[in-house]
Structure formats: C-alpha cells, structure tokens
Number of protein chains: 2
Amino acid sequence: MRPERQLLVCVHTRPPGNSKGSCGEKGSEGLLHALKDLLRERGLTERVMVTRTYCLKHCGHGATIAVQPDNVWYAAVRPEDLAEIVGSHLEQGRPVARLLMPDVPWE
Amino acid sequence: MRPERQLLVCVHTRPPGNSKGSCGEKGSEGLLHALKDLLRERGLTERVMVTRTYCLKHCGHGATIAVQPDNVWYAAVRPEDLAEIVGSHLEQGRPVARLLMPDVPWE
C-alpha cells in the first residue's frame, strides 16, 4: 500500500560553522515531530507517510520539506508554517505558494 | 529546480538480530553507490536526484527504493536489479513490474 502522499523532511546536520548550513541546524527535527503531531490530530496518518531524509541538496534554503508525489518543494519552513502546509496542501490540495523553493539548481 | 525524478533509498540499519531486519543490513548503502554510478554513466545526474532516507517502513521487504513523483515502490532490490530500474523505468518510463512492493500496509 503506497502512501497517498509522502513528506520528506531533511534532518541532515552539518557541524556548527559549516558555510553551507543545514536543515538540522535550522530545527528540522522539531519540524518533523510537530508535523507528525499535526497529522495525528487531523487523522491523516494512514494516508500521509513522513520520512526523515539525509541531505535534500538545498542546504542554503533549509529547512527543506518535499511533498511527493506532488514534487512540491518547500524552503525555509518554520514551525508556524506547518499548519498551512497540512491544511492547504494536504487537506485541500492547494500547495502553499509563499513557501515554494526558489527555482535554483540543487547543490 | 525540482528533480524530474527522485530516488529514495532507505539506508536505515537496525542492530544485527533485530526481528524486523532493515534495508541497511540488506546492502542498501551498496545499492546507493551503484545507483549513483549508473546514473553518472547514463548522463542522468542532472535530472534524477538520489536521496538517502531513514526508515521507509517496509523493513520486511527491503531493500526498499521508492521512485517519486511516480510513487512507485520497489521491494527486495538487489544490485543486479539496478540496471533494469534505470533503463526501463527512468529512461523508458516503464516501471519494473517484477520488483513492485506488494500491496501491504506500511509498518
């Protein structure tokens, strides 16, 4: 049974001071747990799989979350953005335009 | 710039003897490197992103590789299967039927 949607949350962490930065340094572990809590509250855990990933190659734009199979990529996600991602994108099928990853090559 | 396709390779490893088993124990790190080599040989590195993931929740059917945004999931992938995944699925758009994940709930 394939997930209806799969959320990829980059939790890659580089050492402090690394010039690339990393999603882990920008709090992505916290995002992951908050996201799981939200999905549980909304009854979405059977339809949406949350996957922790290593580097999603947009380090400079973290924290990065990709939504598949929509192939929608979100940049600089903060905890206060999660409810909108879940409500607008996952529940209503409308990706959150203001959070979309800029159209840059992956690193 | 979003990848045309994203290959998710589970590299999660459980301790030896764990009853669930894990993709890591089934050689998924080797698969990952072989896959990257193949993509390089075929000139696909600009279009296909390879992402290492933590648990993809099909431990009993590993090694697991998911292809997004196709939402195609492969089970029990072995090194000798990779050329077919790349050639048939990625290059010709025909998923490899014999490797498809059985229709079971994720764990």
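Helix α2 of chain B (residues 82-91) is largely enclosed by the rest of the structure in this predicted model, because 7 of its 10 residues are buried; buried denotes under 20% relative accessible area, exposed over 50% and partly exposed in between, with a 1.4 Å probe and protein chains only. The buried positions of α2(B) are B:L82, B:I85, B:V86, B:G87, B:S88, B:H89 and B:L90. Their cover includes β1, α1 (28-41), β2, β3 (65-68) and β4 (72-74) of chain B, where contact means heavy atoms within 4.5 Å. Helices (H or I, at least four residues) and strands (E, at least two) are DSSP runs, numbered from the N terminus. After α2(B) comes B:G93, which has a positive phi near 75°.

Strand β2 of chain B (residues 48-53) is likewise mostly covered, with 5 of its 6 residues buried. A parallel pairing over 6 bridges joins β2(B) to strand β1 (residues 5-10) of chain B; pairing requires that DSSP find at least two bridges between two strands. Within this pairing, B:R5 has B:V48 of β2(B) as its bridge partner.

B:V48 is also among the residues touched by A:W106. This tryptophan belongs to the segment that follows α2 (82-91) of chain A and is buried, at a relative accessible area of 16%. Residues up to four places away in sequence aside, A:W106 touches A:K57 and A:H58 in chain A, and B:M1, B:R2, B:P3, B:T45, B:E46, B:R47, B:V48 and B:M49 in chain B. Between A:W106 and A:K20, which lie 86 residues apart along the chain, the C-alpha separation is 13 Å.

Chain A contains 2 helices and 4 strands, arranged along the sequence as β-α-β-β-β-α. Its radius of gyration, taken over C-alpha atoms, is 13 Å, which agrees with the value near 13 Å for a compact globule of 107 residues; the globule rule is 2.2 Å times the number of residues to the power 0.38. The C-alpha atoms of chain A occupy a box of roughly 40 × 30 × 25 Å along the principal axes. Of the 107 residues, 50% count as buried. Among contacts in chain A with a separation of 6 or more, 62% link residues 24 or more positions apart.

Residues are numbered from 1 along each chain as its sequence is written, and chains are lettered from A and ligands numbered from 1 in the order in which they are written. In this predicted model local features need pLDDT of at least 70 and side-chain atom pairs count only at pLDDT 80 or more, whereas totals for chains, interfaces and linings use all residues; side-chain values use heavy atoms, with hydrogens and water left out.
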